[in-house]
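Dear colleague,

Please read them alongside the coordinates.

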Amino acid sequence: MNIKLKIWRQKNRDTEGQFETYEVKNIHSDMSFLEMLDVANEQLIHEGVEPINFDHDCREGICGACSLVINGEPHGPEKKVTTCQTYMRSFEEGETIVVEPFRSHAFPVLRDVMVDRSSFERVIRSGGFISVATGAAPDANAIPISKEIADESMDAAACIGCGACVASCKNSSAMLFVSAKAAHLNLMPQGKAEKSRRVLNMVDTMDSEGFGNCSNTYACEAACPKGISVNFINQLNRDYALAALTNKL
């Protein structure tokens, strides 16, 4: 199949970007979107044009590095997949596909469609770790945890930190990401000792990084490739209110 690729080109964060359109030929419908970009870059290099800079790593839907907005949707038209799991059979022969970087003040463009998402790392770092003593592996079942709590914590831990929630939110809110990262530790007994401090620090860091407030549209949940529930945002709001009140007493 042949397509037209209308893609954002930008030299660095200090320059203005613009869309450029390229014809990409001989694309197999079973190629992933990133493989299509590889083919496009080979064509551009052959034509003496600088290749498109895009982020990628595992290409297995695990790392979340492939942060692209495709035809207006983070990670493309398919639900609960990352860009590397989006296949060209999702598009039509001759279609013009519009590709942009994730748009957010907290995700500045590094080059073309690559963005700097290190703000997520700073949010996680501000939450700290747990104070359980390290050393030899503990005996199994030494700390009883109900299956319901374990399942809920694992659901939260499924967040890969790709940033699709931010890119889909009209306020560029990171509430879904922060709530998932806080919950997967806060729900477990090992993480409860630092729960209040963790929630306060992560929310404060989220605000200082420039993420907006929750828009309550649930666009984040719809765009999340791992299906993280907005219920974690409700939990974060409750935990933050209680922690802030306790901190003042």
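At what angle do the axes of helix α2 and α6 cross, and within what distance do they come? The axes of α2 (residues 118-127) and α6 come within 7 Å and cross at roughly 155°, where axes are lines fitted to C-alpha atoms over the stretch in contact and angles run from 0 to 180 degrees between N-to-C directions. That makes α2 roughly antiparallel to α6, a term used for angles over 145 degrees.

This is a predicted model, in which local features need pLDDT of at least 70 and side-chain atom pairs count only at pLDDT 80 or more, while totals for chains, interfaces and linings use all residues. Residues are numbered from 1 along each chain as its sequence is written, and side-chain values use heavy atoms, with hydrogens and water left out. Helices are DSSP runs (H or I, at least four residues), numbered from the N terminus.

In the contact of α2 with α6 (heavy atoms within 4.5 Å), R122, V123, I124, S126 and G127 of α2 meet R197, R198, N201, M202, T205 and M206 of α6. By class, this contact has four nonpolar, four polar and three charged residues.

Helix α6 (residues 195-208) also packs with helix α5 (residues 175-186), their axes coming within 10 Å and crossing at roughly 165°; α5 and α6 are therefore roughly antiparallel to each other. Here M175, V178, K181, A182, L185 and N186 in α5 meet K195, R198, V199, M202 and M206 in α6, and by class the contact of α5 with α6 has seven nonpolar, one polar and three charged residues.

Best regards

Methods
Helices (H or I, at least four residues) and strands (E, at least two) are DSSP runs, numbered from the N terminus. Angles under 35 degrees count as roughly parallel, over 145 as roughly antiparallel, 65 to 115 as roughly perpendicular and the rest as oblique. Ala, Val, Leu, Ile, Met, Phe, Trp, Tyr, Cys and Pro count as nonpolar, Asp, Glu, Lys and Arg as charged, and the others, Gly among them, as polar.
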